Amino acid sequence: MYGDLYYQLYGFIFALQLLLSLLFFIIFQPRKKYFAMRSAASLAGYFLLVTATWAIIRAINDDTPQYTPVFFLLVTVYLAAAVFLSFKTNILGAVYFATGAYAVQHAAYSFGNIIRNLFSVSLPTWADILIFDFIVYCFTGVLFFLVFVLPRRYKFGSDLYDGRAFVISFCILLICVLLSYFSDSIFAEYLKLEIDLRKLRIFTSTYAAVSCVGAIVIQFGFLRENKLSGDNAILDQMMHSEKKHHELSRETIDIINAKCHDLKHQLSLLEKLDDKEVRKAYIKELSDCIAIYDSTAATGNDALDIVLSEKGLLCEKNNIAFSCLADGAKLSFMSSTDVAALFGNAFDNAIEHELTENDERRFISLSVKEDRGFIYVHMDNYCSVVPEFVDGFPQTTKSDKLHHGFGTKSISNIVHKYSGELIMGVQDERFNLDILFAAPQQNK
């Protein structure tokens, strides 16, 4: 369209247009470590591969656009690789971003074609390139950003990427590319149809633009569906957790009722005892029972005290040795809800595992302290079998995986909410959970 120079640079221009379209997709996407170095290397490799591929395509084509659809698909693959190397996403997510960028690029190209042919625009080469190869692309990208990306900016990076969206979008975009190729090459050059080529291009470009927008809508529609499915799974898990907590609360009440029933009989028996030694033994037993309830509410944090009281009773009932040395006042920077959820989940996981161990080896210990400007939380329990770890988290061995495995995720989310560090591991038959927070004055 613009001559030999433009055709020589077209591969680079297309790659730049695709990259520009991508920016509107990935602006909120979490980045990997050493992002600047990774992105620089990825961009250098991207443009190097694009340049080499376009040179090969031009040599094979003999300056005809016969193999340009192959070039478009290869550049999209190169872009997906660059995204995968630079941003926190999986391969399917990287392909999702690249195909979405291609949809935006091709929609902008189609809009430009419609305007050119509908109004018979004739401009100098430099003005045509500036307006239709860049300004129209920027306008299309901004419009796409405002409609699709900006409203979901706080949750965009956490979406699940759906293979269905990729397959459908890829098929639609492939049809668009081939249709544009047919209209520009086969229809015009080989078949010599007795029709107005300008009208044909308006028709095919309109179809391509609508299809590209449709592909984007489909992609985001599947993401929204997955998000709703994820929300439903979380709600289901919350209901399951609430049911479990209710059962544990009833179990705690049963423990207290049983102890009160035993104490009533022991007091009744104590009244009838004349032997001082036997009476003394009974009094000591009663004191030990009462000490169980008296020793679990003195950490300086009400939420932590409640958790320790409840979980301590469960440990006592299930013959789990429990020790605690916690300065709960150091956790005052956390909300009561987060304290209860963090330690409640940690204890639930530990107690659940200890029930699988022999009675004489069961133990759980907890410590919370401040040292050199950091608040250190350590919990450990006996663990004879090392669980499978994936991404630093132990995997549940329960068959009902839908309702299990959320405890460690909840712990991780709460720790990272307060910019903390979390490490889980097994050493010397001990499962260790270590959490490190910066003390409030350190944050200031």
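**Notebook: a surface patch and an open sheet**

I began with Ile135, which is partly exposed, with a relative accessible area of 45%. I note that the model I am reading is predicted.

**Entry 1: around Ile135.** I located Ile135 in helix 5, which covers residues 125–149. Which residues form a nonpolar patch on the surface with Ile135? I found Leu123, Trp126, Leu130 and Ile131, and together with Ile135 they have about 500 Å² of accessible area.

**Entry 2: the chain as a whole.** I recorded 12 helices and 7 strands in the protein chain. Of its 444 residues, 41% are buried. I wrote down an accessible surface of about 24,900 Å² for the chain, and carbon and sulfur atoms hold 62% of that area. Among contacts with a separation of 6 or more, 74% join residues 24 or more positions apart.

Entry 3: In what order do the 5 strands of the open sheet stand? I read the order as 1-2-3-7-6, with mixed pairing. Strand 1 (321–326) and strand 6 (421–427) each have a single partner strand, so they stand at the edges and one side of each has no neighbour in the sheet. From one strand to the next, the twist averages 10 degrees.

**Entry 4: strand 3 beside strand 7.** I looked up strand 3 (residues 374–382) and strand 7 (residues 430–438), which run antiparallel and are joined by 9 bridges. Within this pair, Phe374 has Ala438 of strand 7 as its bridge partner. I also noted that His378 stands opposite Asp434 in strand 7.

**Entry 5: strand 6 beside strand 7.** How many bridges join strand 6 to strand 7? I recorded 7 bridges, and these two strands run antiparallel. Met424 stands opposite Leu433 of strand 7. Strand 6 and strand 7 form a hairpin, with 2 residues between them. In the turn, I noted that Asp428 has a positive phi of about 55 degrees.

**Entry 6: helices against the sheet.** I then turned to helix 9 (residues 302–317), which lies across strand 1 and strand 2 (363–371). The direction of helix 9 is at about 165 degrees to strand 1. Which strands does helix 10 (residues 336–354) touch as it packs on the sheet? I listed strand 1, strand 2, strand 3 and strand 7. The direction of helix 10 makes about 20 degrees with that of strand 3.

How values were computed: Residues numbered from 1 in each chain as written. Predicted model: local features only at pLDDT ≥ 70, side-chain atom pairs only at ≥ 80, totals over all residues. Heavy atoms only, no water. Patch = residues over 30% accessible without salt bridge, like charges linked within 9 Å, V, L, I, M, F, W, Y side chains within 5 Å. Areas by Shrake-Rupley, 256 points an atom, 1.4 Å probe, with all protein chains shown as cover. Salt bridge = Lys/Arg side-chain N within 4 Å of Asp/Glu carboxyl O. Helix = DSSP H or I, 4+ residues; strand = E, 2+ residues; numbered from the N terminus. Buried < 20%, exposed > 50% of the residue type's maximum accessible area, 1.4 Å probe, protein only. Contact = heavy atoms within 4.5 Å. Pairing = 2+ DSSP bridges. Axes fitted to C-alpha atoms, helices over the stretch in contact; angles between N-to-C directions.
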